[in-house]
Amino acid sequence: MDVNDIDKCVKCGLCLTSCPVYYEVCREPVSPRGKVQLIAASKRQNLSISRNLENIFSQCLMCGTCTQNCPSGVRHDMLFMRMRSQIVHDFGRDWKKRVLYHFLSHEHQLKLAAGFAKFGRNTILEKLARDTKLGNIQIKNMPRVNKVPFRQQVPGVVEPAGKPRGTVLYFTGCATNYVYDDIGHAIVKVLTTMGYRVEIPGEQVCCGLPMFSQGGFETAKSNILKNTKLLDRPDDAAVIVDCATCGYALRNGYVDILEELHADPSAARRLSSKVKDISEFIWQHFDELEPFLDPEKPKVKVTYHAPCHLRNSQAVGTDLIEQLLEKIPGVDYIRAADTDSCCGGGGTFFYDHPGTSKKIVDKKIKNATGTGASLWVTGCPECRVNLSGNLKNPESLQVIHPVQLIEQSLKK
Amino acid sequence: MINEEIKSALKKVVGKDRFFDDPEEILSFSYDAFILTSKPDVVIYPETTEEVSNIMKIADRENIPVTCRGSGTNISAASVPVKKGIALCFTKMNRVIEVNTRDRYVIVEPGLINGELQKVLAKEGFFYPPDPGSINVSTIGGNIAQNAGGPRCLKYGVTSDYVLAMEVVLASGKIVRVGSRNVKDVTGYKLSSLFCGSEGTLGIVTEATLRVVPIAESHRTILATYDDLEDTANTVADIIGSGILPAAMELMDKTVINVVADASGMSLPREAAGMLLIEIDGVEEAVEKEMNRIAEKARANGARDVTVAHTQKESDDLWAARRLAYGAFARLAPNCIVEDVTVPVSNVPKMIKATREIADRYNLHLGILAHAGDGNMHPLIAHDPKDKDELRRIEQAAKEIFETGVSLGGTLSGEHGIGLAKAEFLPLVMNQDTLDLMADIKKTLDPKGILNPGKFV
Ligand SMILES: Cc1cc2nc3c(=O)[nH]c(=O)nc-3n(C[C@H](O)[C@H](O)[C@H](O)COP(=O)(O)OP(=O)(O)OC[C@H]3O[C@@H](n4cnc5c(N)ncnc54)[C@H](O)[C@@H]3O)c2cc1C
Ligand code: SF4
Ligand code: SF4
């Protein structure tokens, strides 16, 4: 661990209230500053690893808001992941987490889970569910799992109508593959309409972020290397991601982790420069899409939730997405007061700390509902699970990916 | 040390969810934004005045030190529990009790974040003027105890100018109420002023009634850049001296401009030797006129460029960038010390010149930042605490900076307070009789010396 990283923190406290967890809990140890100081103390051997420390570090959404707001340039994300890694190393982890962890690290098990009618309605996850809830989310509000994984529903290559402008690689992520095939189909449709040949490599595996954000660096490494090898192709126009978290992993996480593990990050660095979030890609190539949009599309009120891993970790700002939304015919965009704040899902946070998570998400829901919108777009399937899972009235405010909104606005 | 019996009595007051004595919690209360550290024995988060009073009764009986804390952003170790004991943290006691814009006051609990209050007031077209750089994180209780100021205090005054009334728990656990809801009130001593700036050594603020002000009709943010730092400072003295009263007038030297540009990602004039960030507010016609006069003065004093922010967002971004200065300065080295000497505005040019000269002589990495319009200097010193020689040089330089400030008719601290950081320098500005008076006041209110002991009184 690099001690200097910790020394960068001058304890100014400017990161306190923008931390969604601190804002609710109001206790210094869970604040970003507190966590950094606890790490510093444990480095200096003034504090030993304990269950309590584990609990404190689990009270984090890994949202990156602190890093974004720290004037001294402290890299909380890396510091926290390392700390989690050390805790995992010293303690192992409790069985509940291990189950989910296992799920995410083994594709074939996720495929198995996908065989069940509903995510969470299987014996293992049933045990996880407290009463009828998985964390803060009612099981009945959990999304249905794709009948067949998305990547098996589509060919490995989809050609556009005319001569292709270029080839894009599509990294579907686990969520689209197993849960939200609607996002996958929308992406293929929009990109081919824009004139791209879409290639969906079948051998891609989970991006690895769920593992490494829990501190499982070594477990994540083989996934990182597999994906990097598969996607590092200099001639393609871009590597498209639809999940803010996968995007964060492919763009920044891979390089950081490989460096951390003293592995060669050069391929990951090349890949990083190719990765584009789908909304960002569309925005940058809007002229290629515009002729296909239906100007007669009836108006619908839309609001936006900015995923942390998009705005903090990939620098795809809310202003960019808002400008894009404003250009889509039929969109009557209304900004919610807290568009830019975390939804409180945070990987496994929503079931580790359901009370805090619920408070955070309820505030988001109140503000989004307050806009009067009927569509709530967000470019992260994880946020979508959490937001839609907590809506009391999911029919009146539907949570979808921006690319689905765009697909709906295409000329028929 | 606090024995188990006392611990369980304290725990009974707030319940087990708001009482902590685990190593992690205690460590998190050993610091604030200054460099000194010391751990408390227990941490308690009260939510009501009664709880505070009951805690104080136990502390009084058992002779246990009590150190209050808001967000722990003060830069003078004011909230560090140097004599251990109880850290009493107000972050969970943070409600807005009443907003009354007709009578122009709000009643709030001490743990409320200043910025949260501003959000509530903005909806009503009002604001609460004290705006420390830590506005989005520091608490009203901490602001009161430090008598916090900020950029716009140039025109509007500091915290004590806005505290109308307070509820205070004394060391004995007694609950007193001082002041009223009226701006005009000479009913007895103005006791509320006694607690403003007392750094938690005289009493514990559990509720505050604050004066609020309507947001001005018009605003302008002006940026003036210079090739010479002296010209920058002269402009400040000239503008204020000529009777113009901007809401805020901030000065940055080249080093500060560059770290702020790095941290905020904003394009600022990186090659300039000095920069003024000026805010004016009022009715549109007056603002327009003042703006022209300010621009004229700036140019007459050698500004090479004077621009006006075009949009609200541009102006907000500039002020947000300004608030990053302190933390951003720490990018240059592991730590950053900020001094707070304040001089009459006509002496700002002399003070800045002297500070630069002292920094060069001691070979320090020093940048100059100032709420220049009211003479409040914030020289920032980036350093590595492990470098003992550098620390020694900083200490000597700081002493010279204080002495220079005092010789120019100034004072030790404009807004950050004394705490531990500057306690030894008090004799520079106060004679023994004055120091004794402070000690007498302390003894009257806190005879056992259990409130924030080990600090400047
Ligand atoms: C980046 C940065 C910029 C800053 N800019 C400014 C600035 O422009 N102007 C300025 O004035 N200050 C500034 N400060 C200093 C600091 O933010 C202020 O002193 C602020 O008022 C402290 O508030 P807090 O809630 O953090 O209080 P803390 O630091 O927690 O406590 C401060 C003092 O208040 C006492 N206290 C807290 N609550 C109570 C209570 N309820 N009753 C009695 N005593 C209590 C504590 O014991 C302590 O002595 C800045 C600090 C930082 C880090
Ligand atoms: S903002 Fe950065 S430097 Fe300041 S306390 Fe937080 S982590 Fe430390
Ligand atoms: S990553 Fe998010 S939740 Fe975690 S400490 Fe930082 S701001 Fe808080």
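Modeller: By class, the shell around ligand 3 holds 10 nonpolar, 2 polar and 1 charged residues, in what is a predicted model.

Biologist: What makes Cys19(A) and Cys60(A) members of the shell around ligand 3?

Modeller: A residue is near a molecule if one of its heavy atoms lies within 4 Å of it, and Cys19(A), Cys60(A), Leu61(A), Cys63(A) and Cys66(A) come nearest of the 13 residues around ligand 3. Helix 2 (20-25), helix 3 (32-43) and helix 5 (65-69) of chain A are the elements that give two or more residues to that shell. Cys counts as nonpolar under the definition, so Cys19(A) and Cys60(A) belong to the nonpolar class.

Biologist: Which residues surround ligand 2, and how do they divide by class?

Modeller: Ligand 2 has around it, among others, Cys9(A), Cys12(A), Cys15(A) and Cys70(A), together with Lys11(A), Arg33(A) and His76(A). The division is 7 nonpolar, 3 polar and 2 charged. Lys and Arg count as charged, so Lys11(A) and Arg33(A) fall in the charged class.

Biologist: Where does ligand 1 lie, and what surrounds it?

Modeller: Ligand 1 lies between chains A and B, and 36 residues surround it, the closest being Cys68(B), Gly70(B), Thr73(B), Ser134(B) and Thr139(B). The largest share of this shell, 4 residues, comes from helix 5 of chain B. By class, the shell around ligand 1 has 13 nonpolar, 20 polar and 3 charged residues.

Biologist: Why is the space taken by ligand 1 called a cavity?

Modeller: The search uses the protein atoms alone, and a cavity is a set of points where a 1.4 Å probe fits but cannot get out. The space taken by ligand 1 is the second largest cavity, so the probe cannot get out of that space. Its volume is about 770 Å³, and 46 residues line it, of which Thr73(B), Asn74(B), Ser134(B), Ser138(B) and Gln146(B) are the closest to its centre. The lining of the second largest cavity has 18 nonpolar, 23 polar and 5 charged residues. The whole structure has 8 cavities of 30 Å³ or more.

Biologist: What makes the second largest pocket a pocket and not a cavity?

Modeller: A pocket is an open set of points, whereas a probe cannot get out of a cavity, so the second largest pocket, with a volume of about 640 Å³, is an open space. It is lined by 24 residues, and Asp7(A), Lys11(A), Gln37(A), Arg44(A) and Ile35(B) lie nearest its centre. Helix 1 (3-7) and helix 3 of chain A are the elements that give two or more residues to this lining. By class, the lining of the second largest pocket has 13 nonpolar, 6 polar and 5 charged residues.

Terms used:
Residues are numbered from 1 along each chain as its sequence is written. Chains are lettered from A and ligands numbered from 1 in the order in which they are written. This is a predicted model: local features need pLDDT of at least 70, side-chain atom pairs count only at pLDDT 80 or more; totals for chains, interfaces and linings use all residues. Side-chain values use heavy atoms; hydrogens and water are left out. On a 1 Å grid over the protein atoms alone, a cavity is a set of points where a 1.4 Å probe fits but cannot get out, and a pocket is an open set with protein on both sides within 12 Å along at least five of seven lines; lining residues have an atom within 4 Å of a point. Grid points are joined across faces, edges and corners, and a volume is the space filled by probe spheres set on the points. A molecule sits in a cavity or pocket if more than half of its atoms lie within 2 Å of its grid points.
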